Amino acid sequence: MDIDSQFSTVLGRTSIFIGTRSSPNTPAMAQNIILHLDYDCFYASVFEVEQPALRSLPLAVQQKQIVVTCNYEARRRGLHKLQLIKDAKRICPDVVIVLGEDLTKFRNASKELYLLVRALVWGGRVEKLGFDELFLDVTEMIDYNVEMLNPNDLAHSFFHLDRQDPTEGFIYDASQFCGSTFPVTEVAPATPDLSSLGMRLLVASHLQGHIRSKLEHQIGFTATGGISTSKLLAKLVGSVHKPNGQTTLLPPYESTPEEDSNVLKFLDEHEIRKIPGIGSRMAQKLRTHLTGKEDSDEKVTVRDVRLFPGMGPASLEKILGGPGSAKGIGSKMWNVLHGVDTSEILEGRDLPTQISIEDSYGRLDTLEAVRRELVVLSRSLIRRMRTDLVDETSRWRAHPRTLRLSTRPRPPPGSETGRTYQSNRISRSVPLPGFVFHLEEHVDALAERLVQESVLSMFRRLHPDKSWNLSLLNLAVTNLVESAGEQQSRDIGKMFQQQVEAEVDVSDEWDDEPLASLDCVLCGYPIPLFAIEAHQMYHAQ
DNA sequence: ACGATATAG
DNA sequence: TGTTCTATATCGT
């Protein structure tokens, strides 16, 4: 017998845990409760909040030649995302068009919404996905509030948003769900089981309703919500009632020999491409495997894949594996097809891992034009580095170490388009020179120097030929190293390493030699130990 | 670290 | 289909 008992202190109570880790004796860990929030037509909403008169008009946000998004009034009149501007004007001549190529205000609005929601969620367990989506792990809030329920008067319940202040919260009716459910609402049980998953999801649906109503009435953004036990299910079920709605995926979550769970019933009807994590590439591989045809546009659902003869983790690994795909993809996707997703909510970082600026062009085939555009991009990039990486006391919170230039060559006329989709971007990178961190210099001067001394050399490596035509330029800084003193004391194990870094990384004068590493005798660049072999190959060519 | 691929909104 | 302007994760080297 390998029974293992231990004491753990949670919320000021001491409880005894008896059982073994990863043995059949271990009681199943209570499932997490996850909310998904998706702001409705986010870019359009930012303009509507700025200018409320736009709310009643058909509104489209333009980037280059296309409508990137539009409000629901515009959709009622036949407009949709990613439509050509000229088509939009023809279909709806009185559409109001606003320019959305500068993302600054979307980024700012997104951050404001994120901070507002994060302030509500215990432990700050909020993950941002793009500008307009959030995942919330509200397990602790829900379990606390389920415990606080009075089973004799569920209709007059109070949701506690603060453990310390019992007046902080809102009243709600815990005898029914807030918003919609999948499947559509059955009759509520007369004596609900307060410890059930269903009750926890019901309480979570009211928290979701509260958050959405706060977002709408305090700052004017409507959002669509999903309530379930994982990021996968919360996101998928949320999209059932759009816009400005919410949906809870009801139990049972476990199938029986007699009947599929609601998870399977819900997932099975979805086209595979709709499943988060299955992009166009994997969807095509699965369609090809099931239909036997290279270019098949037949609808293939989760059920079709799940029940296909021979299907399983091993088969999926063979179908989906290959260059570029993650290892273990087969079992991961087999889990996904059964609604099993154990991925954690990743709390928002303090710092981005990269900053990039890009623009696209109808024609870009002279070096002078390219140089001009690279200076424009460099200016934006340095400004963004300053707004995102410099703190209130004018100190760099982090130093990017790498500068990368990407281009997208225009496909030669007459080449096949639909065949095999490829990303068609190519890139080169160099160490980011230290002078870009000089805050006293003008952005324009720094941008000129950066293009002259770093960017053009990458461009020549990308396009040594005389003839080219580019449809896109992208400039990025990556490989950010936090400044000493910026990082919190996280755990004891990291303290030593921080101290070593602090000695090497002279905290205020970074300057032209970014890192103390092994400097290459040929080119002078600092090379990390594991990359020395690759770097020698570079010189050997 | 580099350069590419895949996925996401 | 890709059109836009990003961002993250992961692969082989």
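Helix α13 (residues 367-389) and helix α14 (residues 443-462) have axes that come within 8 Å and cross at roughly 120°. Helices are DSSP runs of H or I of at least four residues, strands are runs of E of at least two, and both are numbered from the N terminus. This is a predicted model, in which local features need pLDDT of at least 70, side-chain atom pairs count only at pLDDT 80 or more, and totals for chains, interfaces and linings use all residues. Residues are numbered from 1 along each chain as its sequence is written.

**Helix pair**
- α13 and α14 are therefore oblique to each other; angles under 35 degrees count as roughly parallel, over 145 as roughly antiparallel, 65 to 115 as roughly perpendicular and the rest as oblique.
- Axes are lines fitted to C-alpha atoms, for helices over the stretch in contact, with angles from 0 to 180 degrees between N-to-C directions.
- Residues of α13, including L367, L374 and I382, meet residues of α14, among them V443, L450 and F459; contact means heavy atoms within 4.5 Å.

**Sheet**
- Six strands form an open sheet with mixed pairing, in the order β8-β9-β3-β13-β14-β12; two strands pair if DSSP finds at least two bridges between them.
- At the edges are β8 (126-129) and β12 (180-182), each pairing on one side only.
- On average, neighbouring strands of the sheet are turned by 20° against each other, direction ignored.
- β13 (residues 223-228) pairs with β14 (residues 246-249) in the parallel sense over three bridges.
- G225 stands opposite Q246 in β14.

**Helix on the sheet**
- Helix α4 (residues 104-120) lies across β3 (34-39), β8 and β9 (133-137), and runs at about 160° to β8.

Technical notes. Chains are lettered from A and ligands numbered from 1 in the order in which they are written. Side-chain values use heavy atoms; hydrogens and water are left out.
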